[in-house]
Amino acid sequence: RGLYTRPETTDDIMSIIARFKSDAGFKCRVSEIRDTILRSSAASSGGITAPVPTNPRICDLTLLCVAKRCVEVGAMCVVSFR
């Protein structure tokens, strides 16, 4: 059982997952995934924002579902922010 996505969101979802996989210490709130990826992408490219998910079909609910599924399969974990 993997992660199933709508075809029109697959590439963007995979870029989010690739970002998570590229940095094992990456931490953020689900509600901040999109903004965090934008910031880290700009920082890693010297201020030039690299292609990141801007698909209008990727809403907060989609990101929550992706995070939930990633936790279920062990690709992500839940941590407490204090």
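Q: Which residues of α1 are buried?
A: This is a predicted model, and in α1 the buried ones are Asp12, Ile13, Ile16, Ile17, Arg19 and Phe20.

Q: How are those buried residues arranged around the axis of α1?
A: They fall within an arc of 150° looking down the axis, so they line one face of the helix. On the other side, Asp11, Lys21 and Ser22 are exposed.

Q: And how far does α1 reach?
A: It covers residues 10–22, and from first C-alpha to last it reaches 18 Å, close to the 18 Å expected for its 13 residues.

Q: OK, how many salt bridges, then?
A: Four. One of them joins Arg6 and Glu8, with the closest N and O atoms 3.0 Å apart.

Q: Which residues are linked in a network?
A: Lys68, Arg69 and Glu72. Glu72 meets Lys68 at 2.5 Å, N to O, and Arg69 at 2.9 Å.

Q: Where do Glu72 and Arg69 lie?
A: Both are in helix α3, three residues apart, about one turn. Lys68 and Glu72 are four apart in α3, so about one helical turn separates them as well.

Terms used:
Residues are numbered from 1 along each chain as its sequence is written. This is a predicted model: local features need pLDDT of at least 70, side-chain atom pairs count only at pLDDT 80 or more; totals for chains, interfaces and linings use all residues. Side-chain values use heavy atoms; hydrogens and water are left out. Helices (H or I, at least four residues) and strands (E, at least two) are DSSP runs, numbered from the N terminus. The expected span of a helix is 1.5 Å times one less than its number of residues. Buried means under 20% relative accessible area, exposed over 50%, partly exposed in between (1.4 Å probe, protein chains only). The arc is that of the directions from the helix axis to the C-beta atoms. A salt bridge is a side-chain nitrogen of Lys or Arg within 4 Å of a carboxyl oxygen of Asp or Glu.
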